[in-house]
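Colleague: I have a few questions about this model. Can you put it up?

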Amino acid sequence: MSEAAIPEAEQRAVGKFLRRMLPILVLMLLVNQMDRTNVGFVQDELRADVGVGATAYGLGAGLFFIGYALFEVPSNMWLERFGARVWLTRIMITWGAVIVAMCFIHNVWMFYGLRFLLGVAEAGFFPGVLLYFTQWLPDSSRGRASAIFLGGSATAYIVTGPITGALLELHGAGGIAGWRWMFALEGAFSILVGFIAGFFLVSRIQDAKWLTPEEKDALSEAVARDKQARDRAPSVSRMKLIFHPQVAVLTAVFFAMALTGYAITFWLPSLVEEIGGLSPFQIGLLSAIPWICAVIAMYTMSHFTDRAPDRRPYLAIALVLSACGTFLATLGSPWFGLAALTLAAVGGKCAATLFWPMAQSGLDLKIAAPGLALVNSLGNLGGFVSPTLFGYLKDTTGSTNGGLYTLSAASVLAVLGVAFVRNTNRGERTGSGGEVAVTGEPVAGEAR
C-alpha cells in the first residue's frame, strides 16, 4: 500500500509509535549487543586472573549461542502471554544481572555457566522486538521500523570498544580489577535501562494513552488485517523446511557469514592487543575502526544495490572481500592485520545487507516466514563454532592463523553456494516492508 493510500489516522499512530517506542528499543538493542560481546575485550585478564585459556575462552564465548538457541522459541511464546512490556523488561533485567554476576567469576566453570545463562536470559529479545512490531505496526510500516531498530546493532559495534576500554581503565580502583568493574557497571546499566523501559513500553495498542481513540482504531484495524492475511498462509513443519533445497543453501551461506562475523567480534580485541604498547581504551578505539568502515560501506553499497535486479554478484563480491581479509590477516604486522580485518568486516557487513533481501526473494511466499526463521536459527550456530574453533587452535598451535584460514575457506565455499540461490524480483516489489525485516535476524557478521 502506498503512503498516500494509508489512512491519516493510521499514519499519525505509526509516527507516534516510531517517536515514542523506537528510541528506547534501539537503546536496549545497543546495550544488548555490548553485553553480548564485551567478553572479547577481557580475554587476557580472564586468563591471568581466572585461568581461562584460549580454548576455554572460545568455548565459553560460544556457549552463549547454545543457551540462546534453546530458549529463543519458548521466550517468544511467553512474550505473547505476558506482553512486551513485562517480558522485554524481564529479559533485559535478567541479562543485566548475569553480566553483573560475571564480575565474580573465579574459575572456568563459572565462566562457562554464566555465558550459557547469558544466552538463556537474552533469548527472545531480538525476535521478541520484531514480534512486538507485528503487534503494533502493519506490514507497510514494519520495514522502516526494523531498519531504524537494526541501526542500534550497527552502532553497538562502534561504541562497544571505546566504552568497554574506558571502563577497563578503572583497573585497581578500590582494589578491584578493571574487568570486574567493566562487567559490574555495564550490567548495572543494563538493569537500569530495563527498569526505565518498563515505564515506556506499552504492550497493546488500546493501552496507549498517547493515541487518540481514532488512531487506536485505525492502527488496530490495519494490524488485524495483516494478521488475518498471515494466518491464511499454510503452515510448514521445520523438518520439511530443513530439507528444502533453497533453505539448505541459504542456511549454509548464512552459517559461513556468521562464522566470520562472530570470530571478528570475539577475537578482534586480542588481535589488536598484539600491536603492543596500547592502553585498554586505545585497544577499544582501534577495535572500533573495522566496524566504522563496515557501517559506512554497508550503507553506501545499499544505496547502489537496493534496486539491483540480481543481488547475487554483489553478495559474491562481498564474500570474496571477507575471504581476502581473513586470509591477509595471517600475513604481515599486527597493524597490517588490523587493516586486513577491516576489509573482512566490510565484506561481512555488506554481505549481510545483501543476504537477507536476497533470501526473501529466493523463497516461495508460503515458506518465506518460517524458512527465514530457520535460516536465522541454524545459521547463528556459527556463533558457537567460530570462537570455539579459534580458542582450540590458539591453544594447540599458538596462533589464530588456522582459524583465519578456516574463515577464508568458509567464505569461498559460501561464494559457490550463492550461485545456487534462486533469484526473483519479488524482493524488489516488497521493498523495505518485506517479511525479512520481521523474520530474519541479522548477526554480528551482518550481521548483528
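Colleague: How many disulfides does a search of the whole structure find?

Modeller: Zero disulfides, and this is a predicted model.

Colleague: What about Cys103, buried or exposed?

Modeller: Cys103 has a relative accessible area of 8%, and the limit for buried is under 20%, so Cys103 is buried.

Colleague: And why does Cys293 count as partly exposed?

Modeller: Because its relative accessibility is 32%, which lies between the 20% and 50% limits.

Colleague: Change of topic. How many helices and strands does the protein have?

Modeller: The protein has 20 helices and zero strands.

Colleague: What share of the residues is buried?

Modeller: Buried residues are 56% of the 448 in the protein. The accessible surface is about 17,900 Å², and carbon and sulfur atoms hold 67% of that surface.

Colleague: Now the core. Which residues touch the most other members of the largest nonpolar core?

Modeller: Leu25, Leu88, Phe133, Trp136, Phe149 and Phe355, in a core of 124 residues.

Colleague: Which helix gives the most to this core?

Modeller: Helix α12, residues 245–273, which supplies 16 residues.

Colleague: What does Phe149 touch, not counting residues up to four places away in sequence?

Modeller: Its partners are Leu22, Leu25, Val26, Leu29, Phe125, Phe126, Val129, Leu130 and Phe133. Phe149 also belongs to an aromatic cluster with Phe17, Phe126, Tyr132, Phe133, Trp136 and Trp210.

Colleague: How many aromatic pairs are there in the whole structure?

Modeller: The search finds 18 aromatic pairs. One of them is Phe17 with Phe133, with ring centres 6.2 Å apart and planes at 80°.

Colleague: Why is that pair edge-to-face?

Modeller: The angle between the planes is 80°, and anything over 60 degrees counts as edge-to-face.

Colleague: Where do Phe17 and Phe133 sit in the chain?

Modeller: Phe17 is in helix α1, residues 8–20, and Phe133 is in helix α7.

Colleague: Which ring does Arg36 lie over?

Modeller: Arg36 lies over the face of Tyr68, 5.3 Å from the ring centre. There is also Arg90, which is over the face of Trp87 at 4.2 Å from the ring centre.

Colleague: Back to helix α7. Which residues is Gly128 in contact with, leaving aside neighbours within four places in sequence?

Modeller: Gly128 is in contact with Asn76, Leu79 and Leu88. Gly128 is found in helix α7, residues 125–136, and has a relative accessible area of 0%, so it is buried.

Colleague: Last one. Is Ser411 buried or exposed?

Modeller: Ser411 is buried, at 2% relative accessibility. It is found in helix α18, residues 401–418. Apart from neighbours within four places in sequence, Ser411 is in contact with Thr260, Leu319, Ser322 and Ala323.

Technical notes: Residues numbered from 1 in each chain as written. Predicted model: local features only at pLDDT ≥ 70, side-chain atom pairs only at ≥ 80, totals over all residues. Heavy atoms only, no water. Helix = DSSP H or I, 4+ residues; strand = E, 2+ residues; numbered from the N terminus. Buried < 20%, exposed > 50% of the residue type's maximum accessible area, 1.4 Å probe, protein only. Contact = heavy atoms within 4.5 Å. Disulfide = S-S within 2.5 Å. Areas by Shrake-Rupley, 256 points an atom, 1.4 Å probe, with all protein chains shown as cover. Phe/Tyr/Trp six-rings, centres within 6.5 Å; stacked < 30°, edge-to-face > 60°. Lys NZ or Arg CZ within 6 Å of the ring centre and 35° of its normal. Core = buried A, V, L, I, M, F, W, Y, C linked by side-chain atoms within 4.5 Å.
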